[in-house]
Every structure is written in structure tokens, then in C-alpha cells.
Amino acid sequence: MSQSGRFITVEGIDGAGKSSHIEWLREYLTNLGHAVIVTREPGGTPLGEALRTMLLNEPMSPETEMMLMFAARAEHLVTVIRPALARGAWVISDRFSDATYAYQVGGRGVPAHKFTALESWVQDGLQPDRTILFDVSVATAQARLHDTRVLDRFEREAADFHQRVRDAYHARAAQFPERIRLVASDVPMAQVREQILLALGDLLVPDNAV
Ligand code: TMP
């Protein structure tokens, strides 16, 4: 059994279909013998979940929004993510700071240097070991969303907002090609899963196989 924890994050525009694959990935990794926790942002702690309710519902300025995302993340890192990694668990987080870059910098237009300052303060150099970026066109994602349920403050944004978010995710993936792997999510489920395993390939090698 592996002794070293790994930090995996899952990203994508609203409606990219990431949630349906997260439970599958948890099971897959658990069956390999890893301790796995699944968590989410904004959220993952009692304070983070309270902030999530505000973030998804209350109008606020883009900069307030970015700072609250990082406030929730600070608590999440200290009380959940870092302790889990330290005891050797794999952490799967449904979103992390690439979402802040995509939504608050790309979507809302907050200057990137403000993101960078908060990122280095809150994360202190910690980055995910791998990020799976579910990629789908804005048109497909919007059709999925409008099919389902009551939409939150981000989901209700116009298509051009979501296009800016998608473009910012792509820019970030181009900047960190080793870490961020694109997975096309508008294909049959089995093919999405194949791409996920390919994206995680080198991390899945047992420690004692090296
Ligand atoms: P979810 O619907 O995937 O759980 O994510 C909640 C929303 O929060 C989603 O629309 C993206 C948004 N979000 C940001 O805008 N910035 C962030 O840093 C994070 C983590 C999420």
C-alpha cells in the first residue's frame, strides 16, 4: 500500500460533468489500496460550507468573491487537506485554486497579480500533484445545466462569462502542462474514464515498484 498522499483536483466550467466521475475515481483509488478523501471547494469544512452558501447566493464584488474563495481554502488546507496528505491519504478535491484563476481572474476580470499574491500566501507553495480539467464547449455545458435544477449565481451567468472561464482554464493548462491534463467530457463515460486513468497514469504506479 502506498504511504505517500497525493493531491488530485478536478476542474471544469459549470456543466462540464465532473461530479459523475469523482465517485468512480474514489472507488478506483480505494480498490488500489489507498486511503481516499473526497472534498470540495468552496466548502470542505463547516466554515467553508457556510462561505459556499454566501458565495453561491449573495451578490458581492469580484474582489470580495476572490478573497472569500481563498478564506475558505485557507481553512480547508489547514484542517482537512494538509493533515490528510500528511497521514498518507489521497485527497480528491472537487475544485481548487485553478477555479479561482478561471472564474475570478478570467470570468470576473480581477487582476492576475492579486490572485498570485493570495495563492502564495494561502497555499505557501502547495499545488495539486495532478489536476483533471474536464473540457466541454460552453454550448454543451449550458444545455446540460439548464436541463437539471435551480441555477446558482455562477451558473446563471451568460455564455460569454463561461467562455472567459473556459479560456482562462485553457491558459492555465498551457502554463502548467505537466500538472493540468485536459479530459474531453462530451464523449461516452467509458472514454472519459480511460482519459482520467491516462491523466493519472504515472501517479498510480505503486511506491514500491520504483
Ligand atoms: P461547483 O458547482 O462545481 O461545486 O462549484 C461552485 C461554483 O463556485 C462554480 O460555479 C465555480 C465557483 N468557484 C469560483 O468561482 N471560484 C473558486 O475558487 C471555486 C473553488 C469555485
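Predicted model: local features only at pLDDT ≥ 70, side-chain atom pairs only at ≥ 80, totals over all residues.

Now the shell. There are 13 residues around the ligand, and Asp14, Lys18, Arg52, Arg95 and Thr100 come nearest. By class, this shell has 6 charged, 5 nonpolar and 2 polar residues. Helix 3 (62–86) and helix 4 (97–107) each supply at least two of the shell residues. Helix 4 gives the most, with 4 residues.

The side chain of lysine 18 has an N or O atom 2.7 Å from a ligand oxygen. The side chain of aspartate 14 also places an N or O atom by a ligand oxygen, at 2.8 Å. For glutamine 104, a side-chain N or O atom is 2.8 Å from a nitrogen of the ligand. Taken alone, the ligand exposes 480 Å², and the protein buries 94% of that.

Now step back to the pocket. The ligand sits in the largest pocket. That pocket holds about 640 Å³ of space. Its lining counts 28 residues, with Asp14, Lys18, Arg52, Arg95 and Glu155 nearest the centre. Helix 2 (46–57), helix 3, helix 4 and helix 6 (138–148) are the elements that give two or more residues to this lining. Helix 4 gives the most to the lining, with 4 residues. By class, the lining has 12 charged, 10 nonpolar and 6 polar residues.

Note on methods: Residues numbered from 1 in each chain as written. Heavy atoms only, no water. Near = heavy atom within 4 Å. Polar contact = N/O pair within 3.5 Å; in protein donor to acceptor, adjacent residues only side chain to side chain. Areas by Shrake-Rupley, 256 points an atom, 1.4 Å probe, with all protein chains shown as cover. 1 Å grid on protein atoms, 1.4 Å probe; cavity = no way out; pocket = protein on both sides within 12 Å on 5 of 7 lines; lining within 4 Å. Sits in = over half its atoms within 2 Å of the grid points. Nonpolar A, V, L, I, M, F, W, Y, C, P; charged D, E, K, R; others polar. Points joined across faces, edges and corners; volume = space filled by probe spheres on them.
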